[in-house]
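Dear colleague,

Please find below the structure that I am handing over to you. My findings follow it, and I would be grateful if you read them with the structure open.

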Amino acid sequence: MRMYDIIMKKRNGGALSKEEIRFFIEGYTKGEIPDYQVSALMMAIYFQKMTERETYELTMAMAHSGEMLDLSSIHGRKVDKHSTGGVGDKTSLALTPMVAACGIPVAKMSGRGLGHTGGTIDKLESFPGFSTSLTTEQFIENVNKIGIAIMGQTADLAPADKKLYALRDVTATVDNMSLIASSIMSKKLAAGADAIVLDVKTGSGAFMKSREDAFALAEEMVKIGKNAGRRTIAVISDMDQPLGMAVGNALEVKEAIATLRGEGPKDFTELCMVLGSQMLMAGGKALSVEQAREALTKVIEDGSALRKLSEFVEAQGGDPTAVTDPSLLPKASMVVPVCADRDGFVGRIACEDVGICSLLLGGGRETKESKIDLSVGILLEKKKGDAVKKGDVLGYLHANDEQRLEAAKDKFLNAYAITDSRPETEPLIKGILQ
């Protein structure tokens, strides 16, 4: 088999066989096939697209390019959750303790963020001493003992995807539905869960800007999961404005804690309830959405979800007193209000620009080597549709550097469009596919 023939076949619109896909994935992972040939194939796939069968075979080849995590020694049905990412998306921080408190084992692999704010791991490191450097044995032991563990993604998990994504990133071939879906699902399948719940974001702050693209991606991933024999559910949710009120690592942790106390923002709480309900049903702990929501409400009201977060933080070396006293989490030295310059209604929030504000303040990474300031970020006071008077506070910027603060101030103010009439409200949940 020759890589040249595989490139030509796809360039001419042919469907690649399982053997051809395995050949190029294995050869590329081992370094036997050069970047320039795989770049040519990626461009051919970008233009000619892939069939459902090809997309599945590509996903499985990437999943099997490294370690396939065996979670069979964890008691119960394991349900994983993945978000395609957005601004203020701290869902895992509140959702995983809620679900674990309901008896669903949470064995999750997460990454660090590259962009607006940190990833789940960065946010969790707001707890002094917290570590995700667990061995597989410790990981499994923690899940069996307390019901939850989160560890960093191992280098052996879907290494072909890591290599392929880096190449696609510099050859303008990221934006292809089959390649995006297989990238996400190869890691999820390799991580070993029995069922997968996907939170697919759509809107100005999401990777998928249009509703149609978000639904197409969700459908593609659900098909892959089903073909791989895993129960897969996709929730399509709004990211046309930041999720909740907090953007920034420690600030998002505080908001997650408030949510576990029953005091979280309405939109963030609702998303946790919707995703949590799907996870409980996929894990066999509820027969209906109503039953699942009742169970999730109960673990918040009786405090068991908050206690689960404490147990989890302590089990991974963090200081659990910060759960009961969030004032112990990192704090910025300056908190500065940004005010509306006219009366009206918040007609639009340029979601991505709010994320860039957090990045400008030091709360995200511009490169993999960037050091994150966990204490900085933004607390919103106004969301889309809210009435504002001139001088009302739109949000508070938490900063440690004057120059960074000035750059972020202008960006934040320009992110808000104040209009004369109240805009139509968009539903948080656009749809659920399974």
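This is a predicted model: local features need pLDDT of at least 70, side-chain atom pairs count only at pLDDT 80 or more; totals for chains, interfaces and linings use all residues.

Does Met3 count as buried or exposed? At 5% relative accessibility, Met3 counts as buried, where buried means under 20% relative accessible area, exposed over 50%, and partly exposed in between, with a 1.4 Å probe and protein chains only.

Residues are numbered from 1 along each chain as its sequence is written, and side-chain values use heavy atoms, with hydrogens and water left out.

Overall form

The protein contains 17 helices and 13 strands; helices (H or I, at least four residues) and strands (E, at least two) are DSSP runs numbered from the N terminus. Its radius of gyration is 22 Å, which agrees with the value near 22 Å for a compact globule of 434 residues. That radius is taken over C-alpha atoms, and the globule rule is 2.2 Å times the number of residues to the power 0.38. Along the principal axes, the C-alpha atoms fill a box of roughly 70 × 45 × 40 Å.

Of the 434 residues, 56% count as buried. Among contacts between residues at least 6 apart in sequence, 79% join residues at least 24 apart, a contact being heavy atoms within 4.5 Å.

There are 53 positive and 59 negative side chains, and the centres of the two sets lie 2 Å apart. Lys and Arg count as positive and Asp and Glu as negative, with His and the chain ends not counted; the place of a charge is NZ of Lys, CZ of Arg, CG of Asp or CD of Glu.

Strands and sheets

Two strands are said to pair if DSSP finds at least two bridges between them. Strand β4 (residues 195-202) pairs with β5 in the parallel sense over eight bridges, and Val200 stands opposite Ile236 in β5. Strand β5 (residues 231-238) is mostly covered, with seven of its eight residues buried.

An open sheet is formed by four strands in the order β6-β9-β11-β7, with antiparallel pairing. Its edge strands are β6 (246-247) and β7 (334-339), each of which pairs on one side only. Six bridges join β7 to strand β11 (residues 393-399), and the bridge partner of Val336 in β11 is Leu397.

Strand β8 (residues 344-349) pairs with β12 in the antiparallel sense over four bridges, with Ile349 opposite Tyr416. In a regular strand the side chains alternate between the two faces of the sheet. Strand β12 (residues 416-419) has a covered face, Tyr416 and Ile418, and an uncovered one, Ala417 and Thr419.

Two alanines with positive phi

Most residues other than glycine have a negative phi. Ala158, in the loop between β3 (148-152) and α8 (159-169), has a positive phi of about 45°. Ala172, in the loop between α8 and α9 (177-190), has a positive phi of about 60°. Ala158 is buried, with a relative accessible area of 1%, whereas Ala172 is exposed at 60%.

Residues in helices

Lys187 is found in helix α9 and counts as partly exposed, at 21% relative accessibility. Leaving aside neighbours within four places in sequence, Lys187 is in contact with Gln153, Leu157, Ala158 and Asp161. The C-alpha atoms of Lys187 and Asp161 are 7.9 Å apart, and the two residues are 26 apart in sequence.

Ile184 also lies in helix α9 and is buried, with a relative accessible area of 11%.

Beyond its neighbours within four places in sequence, Met3 is in contact with Phe23, Phe24, Ile33, Gln37, Val38 and Leu41. Met3 and Lys430 are 427 residues apart along the chain, and their C-alpha atoms are separated by 42 Å.

Yours sincerely
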